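I opened this notebook to keep track of what I looked up. The entries follow the order in which I went through the structure.

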Amino acid sequence: MGHLNLPASKRIPRQWRLLDLVSAAFFGIVTLFFLLVFTPLGDSMAASGRQALLLSTNADPKQRHRLVALVEQGQHQQPIEACPADAVDHMPCEDPRRNSQLSREMNFYRERHCPPPEETPLCLIPPPDGYRIPVTWPESLEKIWHSNMPHNKIAERKGHQGWMKLEGPHFIFPGGGTMFPDGAIEYIEKLGQYIPIGDGVLRTALDMGCGVASFGGYLLAKNIIAMSFAPRDSHKSQIQFALERGIPAFSLMLGTRRLPFSAFSFDLVHCSRCLIPFTAYNATYFLEVDRILRPGGYLVISGPPVQWANQDKEWADLQGVARALCYELIAVDGNTAVWKKPAGDSCLPNQNEYGLELCDESDDSNDAWYVKLKKCMSRTSSVKGEFAVGMIPKWPARLTKPPARVTVMRNGVDVFEADTRRWARRVAYYKDSLHLKLGTSAVRNIMDMNAFFGGFAGALKSDPVWVMNIVPSRKPSTLSIIYDRGLIGVYHDWCEPFSTYPRSYDFIHVTSIESLIKHSSTGKNRCNLVDLLVEMDRILRPEGTVVIRDSPEVIDKIGRIAHNVRWTASIHEKEPESHAREKILVATKNFWKLPSAST
């Protein structure tokens, strides 16, 4: 068979194909170089690459450990990387993606579930695009910047009930709620017909399922400070809104565990359509409320099942449990019921249809950090001295008088009075010599990470602030003394993230920071200072202040880490009257943004 002769140009197609590929590759490289050097895409890809490297580092526990060690030793010169933009509201222990796989029984999946440190990316939470320094108190009670938390869901669903609404660049809070659409002020006045509001008898309150916390916000005018809590649920931002408004609040779920509060702490417990099934599981939830409600205190439930359509049995059961525990029904006003708790152990629930009984004498009713709920009534007789509502001094006298429960400590009264004097000197030094912003409009939400008796908070009584007092779970249980003084707080272990949103606090204070991460018996570290400072940075607002008191060696170490978390820090001498071997580090969180958010 003969061969077909083609022109020369058509006899070498493979050579042409190769030239095309080489040319295309060359022009592609030039184009990519242009994009990377002269456009924001380069910065974005670089940031993504660094984040991928960061996440891969954290995926390997050994590499993460090496990075932490380098930061602690001051050998890591660059700041810790920023987390991705979608992490602006990240709460490590209340992560819906992680917790959604857990059991729904008793809302277990909505409780705290913290990832191991080796599974937590070592990165700094950025602010959202458009973030602004928050509106200051008291203006913030009624309006905040929309751009700081641009979540419209609650405004769209609850605006007609007076929760909140969007107006221009602000969210506006008219002060309403589902059970008080005409406003919290009017609702509080109604409650004042049945309970002593505004005369100093009641001081500490707990608002369960608080929404955006308008009830707690307007109680402040009555000198009642409410700890407002709600879970991270379908209204995922409600606690975030409350904190942005300058109202004490905390992310929490009443599920399978005791709430992280000491026994007999609250003068008033309030539920406005909180939908807690108080009589379920043999009245376990009612018994938990009883544990934390002070003898002689008041329980207010508004909404279901109180005189609610199609809930006659639930309403009857609720009244039955309250009677079994000898609660006095003060009033039923529409869908609002008010009970008063007996002042002591005068009611022994031996004979009742619910099988309720007193807890064993060995039960520590103050033990409440990761402790399962108990189906028994806590004994008030386990507490020595007078601590019932009406028996303790009125506010503000109760702030400075040594509480009865302080006597459980050796020389407790003397220690309490010395601590009170010490913190008066320290706060004066902070203001007069270190020129901290305490007492100015720049500071509203404060946290004391190692509060002991709440002396720091007590010394701020004249400032327009509120303080979240933290009693570390492995230290002596002094939280009940803090509540007896008329202050608020929670138990927490600082080897875990705190249950709040990013950018919650203007000012964070901590004494003896290294003690928070050490075993009390062995002195060995349970976790590390790098992770702790990264967590402090998460919950601190941009331009917020950190004050740390510790030994000179620890303060020097903290100073090195502060650079890596993008804080501007300075080290100061202690106040002249102090005889402790310590120094003071004062740091400011710099207001930085992701590259894409600043262009």
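A cavity, as I use the word here, is a set of grid points where a 1.4 Å probe fits but cannot get out. The model I am reading is predicted.

**Entry 1: cavities.** I looked up the cavities of 30 Å³ or more and found 2. I noted a volume of about 60 Å³ for the second largest cavity. Its lining includes Arg258, Thr284, Leu287 and Glu288, and also Cys359 and Cys376. Sorted by class, that lining has 4 nonpolar, 2 polar and 4 charged residues.

I then turned to the largest cavity, which holds about 200 Å³ of space. I counted 18 lining residues, with Arg112, Leu252, Arg257, Arg258 and Pro260 nearest the centre. The classes here are 9 nonpolar, 2 polar and 7 charged.

**Entry 2: the largest pocket.** I read off about 1100 Å³ of space for the largest pocket. Its lining has 44 residues, and those closest to the centre are His90, Pro92, Glu94, Asp95 and Pro115. Helix H4 (96–99) and H15 are the elements that give two or more residues to this lining. Which element gives the largest share of the lining? I found that it is H15, with 5 residues. By class I have 19 nonpolar, 7 polar and 18 charged residues in the pocket lining.

**Entry 3: helix H15.** I followed H15 (residues 529–539) to helix H3 (residues 61–72), and their axes are 9 Å apart at an angle of about 80°. The two helices are therefore roughly perpendicular. On the H3 side I listed Arg64, Val68, Val71 and Glu72, which meet Leu529, Val530 and Asp531 of H15. This contact has 4 nonpolar, no polar and 3 charged residues.

H15 also lies across strands S11, S14, S15, S16 and S17, and runs at about 140° to S15.

**Entry 4: the sheet.** I wrote down the strand order of an open sheet of 7 strands as S13-S12-S11-S14-S15-S17-S16, with mixed pairing. S13 (488–492) and S16 (567–573) are the edge strands, each with a single partner, so one side of each has no neighbour in the sheet. From one strand to the next, the twist averages 20°.

Within this sheet I checked S15 (residues 540–550) against S17 (residues 583–589): they run antiparallel and are joined by 6 bridges. I also noted that Arg549 stands opposite Ile584 in S17.

Terms used. Residues are numbered from 1 along each chain as its sequence is written. This is a predicted model: local features need pLDDT of at least 70, side-chain atom pairs count only at pLDDT 80 or more; totals for chains, interfaces and linings use all residues. Side-chain values use heavy atoms; hydrogens and water are left out. Axes are lines fitted to C-alpha atoms, for helices over the stretch in contact, and angles run from 0 to 180 degrees between N-to-C directions. Helices (H or I, at least four residues) and strands (E, at least two) are DSSP runs, numbered from the N terminus. Angles under 35 degrees count as roughly parallel, over 145 as roughly antiparallel, 65 to 115 as roughly perpendicular and the rest as oblique. Contact means heavy atoms within 4.5 Å. Ala, Val, Leu, Ile, Met, Phe, Trp, Tyr, Cys and Pro count as nonpolar, Asp, Glu, Lys and Arg as charged, and the others, Gly among them, as polar. On a 1 Å grid over the protein atoms alone, a cavity is a set of points where a 1.4 Å probe fits but cannot get out, and a pocket is an open set with protein on both sides within 12 Å along at least five of seven lines; lining residues have an atom within 4 Å of a point. Grid points are joined across faces, edges and corners, and a volume is the space filled by probe spheres set on the points. Two strands pair if DSSP finds at least two bridges between them.
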